[in-house]
Structure formats: structure tokens, C-alpha cells
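User: I am new to this structure. Please take me through some of the labels used for it.

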Amino acid sequence: MNSPAPISRPQLAVSGAIFRDGKVLLVRRSRSPGKGFYSLPGGRVEFGESLHAALHREVDEETGLRIEILGLAGWREVLPGTGGGGHYLIMSFAARWTAREPVLNDEHDDFRWMAPDAIADLKLTGGLVEVIAAARRLIPA
């Protein structure tokens, strides 16, 4: 069998900084890329899918949560490294938890609701602190 050819163009993805009672949801990746690192739920946008629809779908698939999207918190570009990897443009949104408790799929092996000021000691994906800070500013007091 032939293995699929690597994708040679940037891919669009979304992520959500989901807040509940002043805490943000972090999920730990259970496989590469980013195995062992805490990040935000999210993933690739499918062809013909809006960014908001993609975020609702990805959050549901990865955590089972229902959310309200409040606004764009920022974006981040991930370039392929010397060992390969993908090229991603990740649009990160601020969101508020509305229903259900987290039930993780096999992409993640841990979740934590954490105060944004208390996450610095965790293994975090690049740019996560800045994205959460920007998202926090969009959450009504």
C-alpha cells in the first residue's frame, strides 16, 4: 500500500479558549504532534465549513462540551520544523462554557479547568499563554 503524500500547503484550524467560572479549559494531547503538551481544544476546518461551525464541531468531538463563541482572540501560525510536520494557521476564539461536562476522545488524555494565572508550570504549546490572555479580555466580567 502507498502511504498518503504529505500535505504541502498550509492548513486552516481553530481552537477555543473556553472559560467557566473564571477558569479556562486545557486539554493534554495524547499523541503527536504535541504529545504531552497542554493546549486548547480544536482542530482542522473542513472544506465549506465556517470557522464557528468548525469550532463547535471540534469542541464537541474532543470534549463533548457546548459553548458560546464570544469573538476572535487571535491567531497563530505553526511552521514545519526541520523534522517535518505540518504548516497550520490556527484561529483562536474566546468562548464560554454553556453545557455538559468534559468527556475526552482519544486525542487527549487529561483536562483541567485552571485559572489563567496558574498555568505557567504546565507543559504548554507555543503561544498558549498569549492566546488565553487575549481571550480573557473578551470574556464579560
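User: What makes the meeting of the Arg28 and Asp109 side chains a salt bridge?

Analyst: This is a predicted model, and its N to O distance for Arg28 and Asp109 is 2.7 Å. A salt bridge needs the nitrogen within 4 Å of the carboxyl oxygen, so the pair qualifies. Arg28 lies in strand β2 and Asp109 in strand β7, so the bridge ties together parts 81 residues apart in sequence.

User: Why is Arg28 called partly exposed?

Analyst: Its relative accessibility is 25%. Buried means under 20% and exposed over 50%, so Arg28 falls in between. Asp109, at 45%, is partly exposed too.

User: Is Arg20 buried or exposed, and how do you know?

Analyst: Arg20 has 19% relative accessibility. The cut-off for buried is under 20%, so Arg20 counts as buried. Arg20 also forms a salt bridge with Glu101, with the closest N and O atoms 2.8 Å apart. Arg20 sits in strand β1, and Glu101 in the loop between β6 and β7. Glu101 is partly exposed, at 46%.

User: What makes the Asp60 and Arg100 pair a salt bridge?

Analyst: Their closest N and O atoms are 3.7 Å apart. The limit is within 4 Å, so this pair counts. Asp60 is in helix α1, and Arg100 is in the loop between β6 and β7. Salt bridges with shared partners also join Glu46, Glu49, Arg57, Glu58 and Glu61 into one network.

Definitions and conventions:
Residues numbered from 1 in each chain as written. Predicted model: local features only at pLDDT ≥ 70, side-chain atom pairs only at ≥ 80, totals over all residues. Heavy atoms only, no water. Helix = DSSP H or I, 4+ residues; strand = E, 2+ residues; numbered from the N terminus. Buried < 20%, exposed > 50% of the residue type's maximum accessible area, 1.4 Å probe, protein only.
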